[in-house]
Amino acid sequence: MKLCDSDKCTSCGACIDACPKGCISYKEDKFGFLYPQIDRKLCVECGACESVCHVLNEVRGKRPEKAYAVWSSDPEDRKTSTSGGAASVFYNTVLEEGGMCFGAAYDENSDVVIKGYGDHSNVRKFKNSKYVHSDMGDSYKQIKNLLRDGRKVIFIGLPCQVAALKTYLKRDYDKLLLVDLICHGTPPIRHLKEHIESIESNEQKHTEYIRFRDDNAFYLTLGDSNGCFYKKHKELDTYLLSFFNGLNYYESCYNCRYACNERVSDITVGDFWGLGLETPFNHPYSGAISLVLTNTEKGKSFFEMAKSKLFWEERTVDEALKGNAQLNRPTVRNKERDRFNHQYADNGFEHASECIYSEHIKKYTKILARQERKDKIRKFAKKLLRR
């Protein structure tokens with residue numbers, strides 16, 4: 001048996017979960033990336049790993065049929081969501097039907113893992129963006145068993161994870177709803193953990209929560225029971241800079257076959273970038289707005305059922321595609337990627353990312369300081385005018 005090449009592997013873990021002998025496991029390379037490897041002493045050449053690999057088996061997508069600008073009708077739901085709260089409404093709709101919800105959550109070690117929950121309190125753990133690779137664990141088996149038992153299941157994950165679940169299951173299930181998130185690419189968890197460990201060492205704190213977005217802007221925020229102890233804008237934090245500049249994704253992300261118009265899910269969800277640039281969007285609302293693409297009949301039917309809990313307006317599919325680069329092409333491989341890898345192998349994430357972004361951070365520290373002063377002056381002037 002032969003697994004797919006590492007430069008094409010998304011580390012979805014389907015081969016690990018499918019192996020009947022447990023002879024496949026993740027191994028970390030010198031750059032911090034996890035890839036599955038076969039223990040040849042245990043392998044019986046059954047072919048299970050090859051049969052579930054979405055790289056070795058084609059998964060066909062479909063161009064979206066409808067596009068919507070969406071946000072949750074519940075103000076509290078919107079407040080605790082990083083986009084418009086569409087995914088949260090979808091989860092709650094399935095819960096109301098007695099179904100199970102699968103998505104990405106932090107575990108006790110700050111690893112991002114795919115979990116399955118059937119109650120509202122735990123499903124809240126899926127909220128907030130997580131700009132890092134997530135481990136599917138044994139979710140494949142769990143979902144398959146639930147579907148065989150006749151349970152309704154919603155899975156919200158990355159397009160490559162959706163594709164992997166489809167190849168793992170090998171058939172469609174009426175009670176399975178697949179939702180993919182518009183994805184730029186994923187860094188390995190090792191890079192994030194090294195960054196957090198460095199901050200914790202400097203601050204003498206232990207991280208209890210992580211946020212990547214705040215008030216519709218991008219900040220890395222770390223906090224404990226006493227509140228936030230670290231908060232940096234995306235132009236000042238080396239992890240967010242690395243992420244948004246495509247510096248440290250899995251190699252397969254730069255050639256992602258799912259970063260295109262053809263979607264492999266029933267519904268696609270993301271931020272509605274570019275909304276209103278061609279056709280006005282005339283609504284008095286300034287919060288984050290979700291993009292929802294319905295790609296299949298099942299997806300359309302489910303969205304019709306969830307509409308009552310949402311504000312929604314139908315937009316053109318072309319508008320949605322134009323505003324989201326990853327609906328057209330993969331992220332371009334950063335020209336500094338090889339230098340980063342070389343530095344990382346010898347010195348780790350902090351040193352490697354600072355080598356790339358130290359001058360950028362110095363520049364933007366001054367720019368953002370000037371912007372903050374201007375904002376304070378504007379606010380003060382507005383107060384004076386009200387008097």
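This report walks through a strand pairing, some salt bridges and a charged patch in a predicted model.

## About the model

Because the model is predicted, local features need pLDDT of at least 70 and side-chain atom pairs count only at pLDDT 80 or more, while totals for chains, interfaces and linings use all residues. Residues are numbered from 1 along each chain as its sequence is written, and side-chain values use heavy atoms, with hydrogens and water left out.

## A covered strand and its partners

Let's begin with strand S11, residues 267–271. Strands here are DSSP runs (E, at least two residues), and helices are runs of H or I with at least four residues, both numbered from the N terminus. Five of the five residues in S11 are buried, where buried means under 20% relative accessible area, exposed means over 50%, and partly exposed lies in between (1.4 Å probe, protein chains only).

S11 has a parallel pairing with strand S7 (residues 176–181), made over three bridges; two strands pair if DSSP finds at least two bridges between them. Within S11, Thr 268 is the bridge partner of Asp 180. S11 also runs antiparallel to strand S12 (residues 290–294), joined by five bridges, and here Gly 270 stands opposite Leu 291 of S12.

## Salt bridges

The whole structure holds 28 salt bridges, each defined as a side-chain nitrogen of Lys or Arg within 4 Å of a carboxyl oxygen of Asp or Glu. One of them connects Asp 214 and Lys 231, with the closest N and O atoms 2.5 Å apart. This pair links distant parts of the chain, 17 residues apart: Asp 214 is in strand S8 (residues 209–214) and Lys 231 in strand S10 (residues 227–233). Asp 214 counts as partly exposed because its relative accessibility is 24%, and so does Lys 231, at 41%.

Glu 319 and Arg 315 also meet through their side chains, at 2.9 Å from N to O. Glu 319 is buried, at 7% relative accessibility, and Arg 315 is buried too, at 9%. Elsewhere, salt bridges with shared partners join Lys 62, Glu 65, Glu 297 and Lys 300 into one network.

## A positive patch

Lys 366, Arg 370, Arg 373 and Lys 374 form a positive surface patch. Patches take residues with over 30% relative accessible area and no salt bridge, joining like charges within 9 Å and nonpolar side chains (Val, Leu, Ile, Met, Phe, Trp, Tyr) within 5 Å. Lys 374 belongs to helix H13, residues 349–386, and counts as partly exposed because its relative accessibility is 48%.

Key: Areas by Shrake-Rupley, 256 points an atom, 1.4 Å probe, with all protein chains shown as cover. Lys, Arg positive; Asp, Glu negative; His and termini not counted. Charge placed at Lys NZ, Arg CZ, Asp CG, Glu CD.
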